[in-house]
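Good morning, colleagues. Please turn to the structure now being shown, and I shall take you through two of its regions.

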Amino acid sequence: AGSIRQLDSRITAQRKLHMIAYGVGETVGVEFKTQFELLQYLNKIGFRISPEVRVHKDIESVIQEVKRLTSVRDSFPFGADGVVVKVNDIELQKKLGATSHEPRWAIAYKFPAEEAETIVKDIIFSVGRTGAVTPVAIFEPVEIDGSVVSRASLHNEDIARALDIRIGDHVIVHKAGSVIPEVVRVVKEKRTGKEIPFKMPDKCPVCGGPLVREEGFAVTRCINVRCPAQVKERIIHFVSRDAMDIESIGEKLVDQLVDKGLVTDYGDLYYLTKERLLTLERMGPVLAEKILRNIEESKLRPLSNLIYALGIFNVGKRTAELLAERFKSLDNLMNAKVEDILQIEGIGPVTAKSIIEFFSSSENRKVIDKLIKAGVNTSETLVETSKEGPLKGLTFVFTGTLKDFTRNEASKIVESLGGNVSDTVSKKVDYLVVGVDPGSKLEKAQKLGIKIINEDEFKKLIGYGGK
Ligand SMILES: [Zn+2]
């Protein structure tokens, strides 16, 4: 899905993608009696179809087939997480119809998660952006669901203790949701007595600073704000795509920038010079210029990206969008009181407290000053785009939650097609896109007679998806 959503089709073209067709939207001039006939037709006109498609006469035979496919799942030349059983007769499909979410004539059977046994070689501790110290099990590389895994997060001290995991243990691992490696259990019968029990460190493994575990919380933290591990993670977050989107700065570069003392926080990024960048390893003038250009471009990111980029505890993308929408400028947000923040629907007291604490830290204020002095955009402005595109001259407002996009993604798509996105309903607005649980904007738009569309209509407008 990530590849298909790429706005730049050249990037998508570089990825090695195959399309396996399994259905059609609307057809003109051809009719099919059965699902199987349809698939044969697709195959005939040049689409790939799944080599495992079979027609079965009764449910018993379907059950046998699902069992067979489950047992041979590893032999497929592609990763598969399950089987879909469909009613073959298209007339019957039509009779069965669909609920608001899915057709009644097709159902998915998910394979049980594949498990593998391996040996724990080490348990290391990584330090995140917020100082959280996470135990990570390192094991003998083992293949699960078609990829090799060699590490799994143990999340926190309590979970690691509950597993009673020890270095040298045999463990069963699987991929949660077919993606994230996880230790399921320890094979205690195989212990030899030489295993080394798990123990949280008492000092930060990166900076040697003190670690604190607050009562009632599972997380152990390094409380040194200058801890290089945290500084690096905060910068990596700051430059990430949904934040300031500084494409040419990756993890390795951040390592070097921090280790060589070129930056001590993300504010310093805006004061890098070509000369200083050229002192880094594997850095040439072309790359240095590109990095500086990307940094310069990031100054124009919307306010919500900036708020998200700051790395405030508990403030994710969605919360950042709500804050930007409400306060309109970083200055207003910095001067907001808890009561002001709590008035926003969807933001609770814990998050509000994190926001207040973040801005009351003089360290954080200093970093923000660097951003402001560098000319980073700190206010919500309706940018009049002069870009060409099918939505040129049209202004969109969103309300409620969309199913397939975040607010930010939807805005970027509109802008990439030449349209504008506003956060307030006014007579200048052409479309109000309504998601789940719309806010007061809907009523206002109705009063002003603005065209109101749902997510599906919005998708049609932007040419998204096949249906
Ligand atoms: Zn530390």
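Helix α19, residues 455-462, lies across β12, β14 (431-434) and β15, and runs at about 95° to β15. Helices here are DSSP runs of H or I with at least four residues, strands are runs of E with at least two, and both are numbered from the N terminus. Axes are lines fitted to C-alpha atoms, for helices over the stretch in contact, with angles from 0 to 180 degrees between N-to-C directions.

This is a predicted model, in which local features need pLDDT of at least 70 and side-chain atom pairs count only at pLDDT 80 or more, while totals for chains, interfaces and linings use all residues. Residues are numbered from 1 along each chain as its sequence is written, and side-chain values use heavy atoms, leaving out hydrogens and water.

In what order do the four strands of the open sheet stand? The order is β13-β12-β14-β15, with parallel pairing; two strands pair if DSSP finds at least two bridges between them. At the edges are β13 (420-421) and β15 (451-454), each pairing on one side only. Strand β12, residues 395-399, joins β13 through two bridges in the parallel sense, and Thr-395 has Asn-420 in β13 as its bridge partner. Helix α17, residues 407-416, packs on the sheet and touches β12 and β13 (contact: heavy atoms within 4.5 Å). The direction of α17 makes about 170° with that of β12.

I turn now to Asn-294, which lies in helix α10, residues 285-298. Its side chain joins that of Ser-248 in a polar contact of 2.7 Å. Such a contact is a pair of N or O atoms within 3.5 Å; within protein, one must be able to donate a hydrogen and the other to accept it, and residues adjacent in sequence count only if both atoms are side-chain atoms.
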